[in-house]
Every structure is written in C-alpha cells, then in structure tokens.
There are 2 protein chains.
Amino acid sequence: MLVASGRMKVFVAAVLFAEGLPKDDAAKVAELMVAADLLGADGHGVFRLPRYVARLRAGGFNPRPDIRVVSRRGASALIDGDNGFGHLVMDSAVTLAEDIARDQGVAWVGARMSNHAGAGGVHALRLAEAGLVGIYLAVGNANHMAPWGGIELLLSTNPIAIAVPGQSEPVLLDMATTVAAYGKVKLAADRGESMPEGWMIDREGNPLTDPTNVEGGSLMPIGGPKGFGLALMFGFLAGTLNGAAFGSDVIDFNADDDSATNTGQVLIAFDPSAFGSLAAFRAQVDAVRREMTGSALRPGFDEIRLPGERALGLRRARLQDGIQLPNGLRGRLNGLAAEHGIDPL
Amino acid sequence: MLVASGRMKVFVAAVLFAEGLPKDDAAKVAELMVAADLLGADGHGVFRLPRYVARLRAGGFNPRPDIRVVSRRGASALIDGDNGFGHLVMDSAVTLAEDIARDQGVAWVGARMSNHAGAGGVHALRLAEAGLVGIYLAVGNANHMAPWGGIELLLSTNPIAIAVPGQSEPVLLDMATTVAAYGKVKLAADRGESMPEGWMIDREGNPLTDPTNVEGGSLMPIGGPKGFGLALMFGFLAGTLNGAAFGSDVIDFNADDDSATNTGQVLIAFDPSAFGSLAAFRAQVDAVRREMTGSALRPGFDEIRLPGERALGLRRARLQDGIQLPNGLRGRLNGLAAEHGIDPL
C-alpha cells in the first residue's frame, strides 16, 4: 500500500500530539521521520513510531522538553535535549549550526540528553540543501559491536553522515561504521534469509550467518580495526565530549522503554562561501561527479553511483508516488490511531 | 642501524637548508618528518627526503613559499601554501587552528597549494597534545583507487586522522580509507611477498596478489562502497572546498617532480573546555579506554589496542633508543649529504 508523504506526516503528527507532544513539535518530528522514509531509510522512519510511543508511555521520553543551549563559545554550542525526541534536538542543532556557520564559517554543535533522531542523513542533507557542508556523527542506540580483538558489546554502529551541496543535487553519504547495520540483520531474520559471512561473528570469532541466532554476537566493523577506530572516535566526539553516553552506559533503546538514553550527537556545518564562491564549489562537485560516474565500469557493474544518488532518486519517486507501507507496520500504526480516534491509514 | 631522533633532525635540516630552504623552515620540516618516524609511520618520514630533494631540484616545490591566509571568516580560515612543503603549511594550520579553537571553540582551517605533509597523525596529535580534539583530512598524492563499480584510478587513499586528548595519553586514529595504503603494496614488493586478497583488484575486478604487477590495478576501499564514499567526501572537504586538486587533476607525486601538486588538506580543531572541564573529558576518555581494553578477548587475540597505542609506544621506545635506519635508505641519505659536505649518518 502506498501512502502519500503528506498524509503520512499528518497521521504521525496526530498520533504524537495525542500522545502528549505540543502540536508544533509533533508536526516537526513527523516531518523529519517521514523525511527518512522518503530517502529510503525505512528502518529509521515511521517504522519507529510504535517504539517511540511505547517510550513516551513508559516515561522514557520527555514529551515537552526544554531544549536549550547550555554552553556556547564562539562558533561552538552544546545543546541539552532534556530527553526529548532526537528529531527536535537535531532540528535545533541544524538551525543553530546554519546560523553560526553563516556568521563564523564553521559551526560545531554538540548534543546530550538527546534520543534516536532517525536517519543522520536527513539532518546533514538539510544543511547541504541550505548550501552548507553538513557532517553528523552519533552514538548509536544499542551496543552491537565489540572492540577489535574483544567480544564484549561496548560499541554501537556509530554512524557518520556527510552532505555537500552540488549543482544538480547534493552528495550525501550516510553510513554505519559496521559492514551491516543491525537493522539489516533484523530484516534478514524477518525474511528468513541467511547473512553473508563478514556481517557478524560469535563470541568465538566464528562467522554468524543465522540472523535468528545472534545473541551475544558482534557486528563486524568495516576494514577490521579501522572501522573499530572510526566507531570509537565518533563515540568520543558525539558522546563523551558532550557528556552523553558512550560505552557500557549506552541504553539499549529497543529493550528498555523507561530509562533516558542520554544519546549524544554532533553536527558540524561549514559554509563554502567562506572560502570562495558557492556556485563554483557546486559546479566543481558536479565536475567530480561526472568524472567518477563516467569511469569505465568494472565487470559485473552496470553503473557507478555516488553516495546519496539512490536515496535522492527514491525521494523524488516517493514524493510523487507515495511511500510503501508494509501490511504489518500499517496494522501496528492503525492500532495506535484507533486508541485515539485518529483516521486509519 | 639506530639513529638518535635529535641527530636525524639535525641531518635532515642540514640537507634541506643546503637545498635552499630558510634555516627555520628546514628545521621545522625536519622536526615534523622525524615525528612521523617516531610514530612508526616510516613510509611518511625521512624515507621521503630523496623524493623531496628531487622535487626541490626540479622546481616542483617552492623552497621559500609565502604561506598566507587568503580567506578568513570567524572560526574558519583558508591557507594558500604557495607550493611549499606540506609540513610547513600544516604547521601554520595547526598554530592557527589552535588559536582559533581556544577563542571560538572550534576551528576549520583548509589548505590549498600545499604538498605531501607526511603522516596526518602527526598534525592531529599536536592538537591533542595541546588539549584539543584534532581532525585531519587530506587528498592523497597519487590516484590508486577507482570509484566503486569503476576501474579508472580517480581517487587516492584519502586519509583521516583524529586525535583526542586522554589522561594517560591521547587516542590517535590515522588511517587510509583503503584496506591497505599503497606504501604497504610497495613494501610487499620490496620484500618479495604476495598480497592477501582484498587489497587490490585488476581492471577485470579479479584479486591482485602480486605486488610487482599492479599497473592499472585499484586499491580496495574499506567496506566496499562505504570506503569509496568516505574517500570521495574527504576529497570534497580537503580538496574541492579549498580549490585544491581532487579527481583526475591529482598529480602523481612519485612520478612527476616538477608540477605543483596543489594538494589540499583540512584541519578541524575543537576545544573540549568549551563544553565543560578538559580534565573531566580526559578522565572519561580513559574510562572508556579501560572498558574497551578490558573486554574479554576474542580467540586468536592476546590484547585489545586502542588506535594510536602502538604508535605512541613506538615513539617512547624510539625517543630512547633511536630510529632504525635501513641500509638502503641510509645510503641514499648519505649520498645527498655528500653532495653538500654534510656529515653522513
């Protein structure tokens, strides 16, 4: 079933408003959740609504947070999210980072006491669509990875998103530092598929290929110790530096509904016009894009895609055709709606 | 043969002075070159001196550059390196980034018309040793990687270095975005060893394992398309954004001695004291370090090491015992020295 993105936003906003969020906040969270679905990050969009509602009801989220800047020096700011929705915290961060970067060239905006903010690419892309470079780092919301050489799950998939403006469209990288994000493991389990070797190992270091039997197993970082290094450093920058959780104090957001996660994120914005003409930068990004996509192909490939091409193409299609809503999810969403007398999808 | 690091610095500085660098510049480049050797980045230290001298003599380097800030807005600055040694450009960038970050919380300092600057970790580490977070990105000095799905060599190993201050010592990640840096391929060739599958592919996409026969082959990015994405975005940030080379305009520094490389780098510094107590941050970095290194081990591993542990351990040892100088390199260095009547090593 296809649902128009505008209809989906209205629906999500109505549910969140009924669950106690102020009207404007509900609309903003809905907009940013649907933005993830539009970009094809289906596991980070409306799919999360039932979990968010469970947390709201258990007291794990603050529905009416006082999101405020608690430290400010020059081009840097630290936001305390007061345990509100991560989307709202990142919305404040994007707005502030854009303001600061236009003035100072660069902005570094950290967040603590935040929460899951959906797809990091959504926030980095907003900066790129405003003509800025956006970099987003986060501590993920459940530890599924061991340090390199160890077996205890002390790290998450700590993702990075980087977006730069282009002439035709932005280039948008949004990736976990693990070979596979944990959502892909759950998806394989749902579909009854096995995992390729290289995604996970068990506590003895053997490859795990059965996605229904991964208890205690570790996701594998990209490039072995390199991916571990990236996940660790992103954890220091997005978590430790902001006074947010990183390491064993990370709350498993999917297993615990009532503890504050103290999620940490950082957003860095840079204004290319500080170094020259934005138009010239956009043109040069596209010149590099044409070089890359114009390379002769490796056998077995039929095209070269830049990061974000698939996501931005999906967004164009989904804005026009609507967002595919699987039946199981539709049933869960309509169940929530029925409790509040909201029209079903 | 072991050479004391102080002796090595004096030697390198004498050669560079004899080749036309001002005395202070020669000493600074020597210090930063030897700093790479001390950290175990042997392929980025004094090993490079013969190539640097060849470029100086061919007019490829400007021995007396006017390194200056050409754009400045708030917490951001763009440096034009005037085709001088990358070490001098990064020395200016580190000094400026530190000043700006103490004042503004964050600094973003880009560089164009720079050159090979040795090991990126050296520059990031200087910031961490000053109590700041340091992030360094660069466009590498020769294209050895194809875009994901392609076969044309349009990207370098575009590295990232990130350093954070700790209590006991900094944590320092310094890595290429490829599975193996190109230097490891050359080292395997020197040693008559084969390469493991996964380092390189040929133009048909087959694994390359003979390091003496890699013409036209591509290094493999970490995590497949993810590593390509990182290399690409780092190229935009360190190259395109600064008006520096990225893509087909990258000069192969090892094959061309007389063209300016227009190398691009970017250094981001952040002052943890802008968000709270630096001492508390240092302590928390060490708490996370203890958690990670204290994890139960995966079979086959006898320890868990954080990024930079090996490098900082080597530096302690080499400061005390000296730096190992292979005979071949020693011969080449002494050959240069003899031309100027400098005492041999």
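Two strands pair if DSSP finds at least two bridges between them. Strands (E, at least two residues) and helices (H or I, at least four) are DSSP runs, numbered from the N terminus.

The model is predicted, so local features need pLDDT of at least 70, side-chain atom pairs count only at pLDDT 80 or more, and totals for chains, interfaces and linings use all residues. Residues are numbered from 1 along each chain as its sequence is written, and chains are lettered from A in the order in which they are written.

**Exercise 1.** Find how β2 and β3 of chain B are joined.

*Solution.* 
Step 1: β2(B) and β3(B) pair over 5 bridges in the antiparallel sense.
Step 2: In β3(B), B:Leu78 is the bridge partner of B:Ser71.
Step 3: The two strands, β2(B) and β3(B), form a hairpin with 2 residues between them, and B:Gly74 in the turn has a positive phi of about 55°.

**Exercise 2.** Give the strand order of the open sheet of 7 strands in chain A and name its edges.

*Solution.* 
Step 1: The order is β2-β3-β4-β11-β5-β6-β7 (chain A), and the pairing is mixed.
Step 2: β2 (68-73) and β7 (171-175) of chain A stand at the edges; each has a single partner strand, so one side of each is left without a neighbour in the sheet.
Step 3: Inside the order, β5 (residues 133-138) and β6 (residues 160-164) of chain A pair in the antiparallel sense over 4 bridges.
Step 4: A:Tyr136 has A:Ala161 in β6(A) as its bridge partner.

**Exercise 3.** Describe the contact between chains A and B from the side of chain B.

*Solution.* 
Step 1: Residues are in contact if their C-beta atoms, placed from the backbone, lie within 7 Å.
Step 2: Chain B gives 67 residues to the contact and chain A gives 67 residues.
Step 3: α7(B) supplies the largest share of the side of chain B that touches chain A, 7 residues.

Terms used: Contact = placed C-beta atoms within 7 Å. Nonpolar A, V, L, I, M, F, W, Y, C, P; charged D, E, K, R; others polar.
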